[in-house]
Amino acid sequence: MAGHSATEKILALRSGKKEVFPGDVVVCDVDGIFVHSPWFFLSYWKEIGGVKRCFDPDKLILGLGHHVCLPADNRYANDLLEARKAAEKYGFKHLYDMGTGNGHIIMLEKGHVRSGYVYVGADSHSTIYGALGAFGTPTSYEVAEILLSGKAWFKVPSTVRVTMEAQPMKGVCARDVAQYVLATVGADGALMKSLDFSGSYIHSLSIYQRMIFSLLSVEMGAITGFIEPDEITRKFMDGRVRNPYEIVYNDPDCVFEKEWFVDVSKVEPMIACPPRPALTERVADIEKKDIKVHQAYIGGCTGSSVEDFEMAAEILRGRSIHPDTRLIIVPGTQDILKDMQRKGLIEFFTELGAIISPPYCGPCQLCCYGHLGEEEVMIGTHPRNQPGRAGVNGGIYLASPYTVAASAICGKITDPRRFL
Amino acid sequence: MNTYRGKVLSKFGDNISTDDMTSAKYITSHEPKEVAKICMRDIDPEFPAKMAPGGILVAGKNFGCGSSRETATIAVKAAGTQVVIAESFARIFYRNGFNIGLPCVECPGIHDATDVGDEIEIQYSEGKIINHTKGTALEFVPIPESLFHQIEVGGLFPLIREKLEKRSKNTN
């Protein structure tokens, strides 16, 4: 009999079973729960009635500063106030408030995720935790119940795999490759599956760049986006995670339900066009359409690491921002912001005339600021461009920090390779 | 709830996202009544008027993809939708549906075989959909009967409340 995928092995381990098979329903112990909008589960607790405590206050991570770095209105400010009061009442220990930044990245940076365990988040992008070799998946209403029982049920998914080999050409980075993968797999190509990323390319990337793949898994319909841990994963976790981790690999004789192979050296700069993240084109083709850019944005769950800002700076150094374009810089977290400061990146972008925001998840949802005017166009490194995002029904393009920077210089969507 | 008979009042295509269902642009409150009013506004402004209590919503592939926002399922249900039948569902919407007592039926072939106005009968435990208007039938993987009660009481939280109340009665 064929071996098991790492996802099957983690779900077996955490449900106390020797082995599990796709289609089995398992009840797993949950090691961490990410919540950015606790008012939802608090209202469900009221609906249930009589809730006194959460199963383990150490397992709940509240990312109040995820969507919002400063409240945009009273409604939000009041929601936050209620959340802080609840944290005190129920003894929630891990509260990351305004200014701390993007909760998903905080989950990894602050050691709340470790290889081999199960994590859920009341946010669709919770597939990101797979970047450390964990099983991470979104659950929304159920968080209210998981917080009481410490357990979550899953139907064991079958596993599909994307194998990426070789290194990209100049001007192409992880975001382009991930966008290419998204186009290859499709918006529902991994629906209800565990998506496994393998090959020499993914293992050559830093954890921050791997996060892009795991996070975008949900845009392919996947339940999680798993990356086998390696030395880079261990180094990232060491000194961050407080409890022992357990590295889980795919069995060598594991059979994947479907496999895609990507020759990374052939991938060109890619861009997601409205109205959905999977609608992918080559930047070179979109450039021909002369699409004027009003807002260029570097930040978000898929583009707010120091490396992303360094890539942008590589293009922008010695050049200037187009007068009709504003460039917005949103560091992912406070740690990233500090690192940018040390590296002179904050000074660099300030001198350039960019708008520098406190850390948060960025102008993607409408929770904070950075909305667009009705006919304006934004190009950003963030993950979503569905109608309604940033307050407009079209006009949102998603691309790499290289492409966003090149577009900020030219004031229109531009292939970055000419600047490298 | 083994069998439900009702009218298809709304039909959508593939990849309808939770942003389409409740665009952050229009959300001013999380109250079910309020989010129902803005449901599908940009893709079908007439949706809240067309959907009525007991109505059936038919959709294409990957229904409910995108953000995990809680308001999306609440809005679809509060608009009056009794059941969603789609070619396939995005996972979060699917789970959320059952969690708030909105059954989601995955039935390949439903989109092309059904029109707005059709009278449909859903046999949940048999996994059968009969279109009485067209005289056709389709099959789907049956919904586990263990979920029926959760749907009837209105979702996961009323179910937990009911269980806790029963438990405290038994201990008293």
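Biologist: In this predicted model, where is the place of M40(B)?

Modeller: The model is a predicted one. M40(B) has a positive phi of about 65° although it is not a glycine. Its place is in chain B, in the loop between helix 2 (32-38) and helix 3 (47-50) of chain B.

Biologist: Is M40(B) buried or exposed?

Modeller: A residue is buried if 20 or more other C-beta atoms lie within 10 Å of its own. M40(B) has 24 other C-beta atoms within 10 Å, and therefore M40(B) is buried.

Biologist: Does D290(A) count as buried or exposed?

Modeller: D290(A) is not a glycine, yet its phi is positive, about 55°. The residue is placed in the loop between helix 10 (283-287) and strand 14 (295-298) of chain A. A residue with 12 or fewer C-beta neighbours is exposed. Because D290(A) has 9 C-beta neighbours inside 10 Å, D290(A) counts as exposed.

Biologist: In which loop is P275(A) found?

Modeller: The peptide bond from P274(A) to P275(A) is cis, with omega near 10°. P275(A) is found in the loop between strand 12 (270-272) and strand 13 (280-282) of chain A.

Biologist: How many residues of chain A are in contact with chain B?

Modeller: On the side of chain B, 28 residues take part in the contact. The elements of chain B that give two or more residues to this side are helix 1 (18-21), helix 5 (91-99) and helix 8. The residues on this side divide into nine nonpolar, ten polar and nine charged. On the side of chain A, the number of residues in contact is 32.

Biologist: Why is helix 2 of chain A oblique to helix 8 of chain B, and what is the handedness of the crossing?

Modeller: The axes of helix 2 (residues 39-48) of chain A and helix 8 (residues 156-171) of chain B come within 8 Å and cross at roughly 40°. That angle makes helix 2 of chain A oblique to helix 8 of chain B. The handedness of the crossing of helix 2 of chain A and helix 8 of chain B is right-handed.

Biologist: Which residues in helix 8 of chain B meet helix 2 of chain A?

Modeller: From helix 2 of chain A, the residues in this contact are Y44(A), E47(A) and I48(A). The residues of the contact of helix 2 of chain A with helix 8 of chain B divide into four nonpolar, no polar and two charged.

Biologist: Against which elements do the buried residues of helix 2 of chain A pack?

Modeller: The buried residues in helix 2 of chain A include F40(A), F41(A), L42(A), Y44(A) and W45(A). Helix 2 of chain A is followed by G49(A), whose phi is positive, near 85°. Within chain A, the buried residues of helix 2 pack against strand 2 (32-35), helix 3 (74-90) and helix 5 (143-149). In chain B, they pack against helix 4 (70-78) and helix 8.

Biologist: How many residues of helix 1 of chain A are buried?

Modeller: Helix 1 (residues 6-14) of chain A is mostly covered. Among its buried residues are A6(A), I10(A) and R14(A). Just after helix 1 of chain A, G16(A) takes a positive phi of about 70°. The number of buried residues in helix 1 of chain A is nine of nine.

Biologist: Which are the edge strands of the open sheet of five strands in chain A?

Modeller: The sheet has the order 4-3-2-5-6, with parallel pairing. The twist averages 15° from one strand to the next. An edge strand pairs on one side only, and the edge strands are strand 4 (94-96) and strand 6 (135-138) of chain A.

Biologist: Which residue in strand 4 of chain A is the bridge partner of I61(A)?

Modeller: Strand 3 (residues 60-63) of chain A and strand 4 of chain A pair in the parallel sense over three bridges. In strand 4 of chain A, the bridge partner of I61(A) is H94(A).

Biologist: Which residue in strand 6 of chain A is the bridge partner of V118(A)?

Modeller: Strand 5 (residues 118-121) of chain A runs parallel to strand 6 of chain A, and four bridges join them. F135(A) and T137(A) point one way from strand 6 of chain A and G136(A) and P138(A) the other way, and all are buried. The bridge partner of V118(A) in strand 6 of chain A is F135(A).

Definitions and conventions
Residues are numbered from 1 along each chain as its sequence is written. Chains are lettered from A and ligands numbered from 1 in the order in which they are written. This is a predicted model: local features need pLDDT of at least 70, side-chain atom pairs count only at pLDDT 80 or more; totals for chains, interfaces and linings use all residues. Axes are lines fitted to C-alpha atoms, for helices over the stretch in contact, and angles run from 0 to 180 degrees between N-to-C directions. Angles under 35 degrees count as roughly parallel, over 145 as roughly antiparallel, 65 to 115 as roughly perpendicular and the rest as oblique. A crossing is left-handed if the near helix is turned anticlockwise from the far one by less than a right angle, and right-handed if clockwise. Two residues are in contact if their C-beta atoms, placed from the backbone, lie within 7 Å. Ala, Val, Leu, Ile, Met, Phe, Trp, Tyr, Cys and Pro count as nonpolar, Asp, Glu, Lys and Arg as charged, and the others, Gly among them, as polar. Two strands pair if DSSP finds at least two bridges between them.
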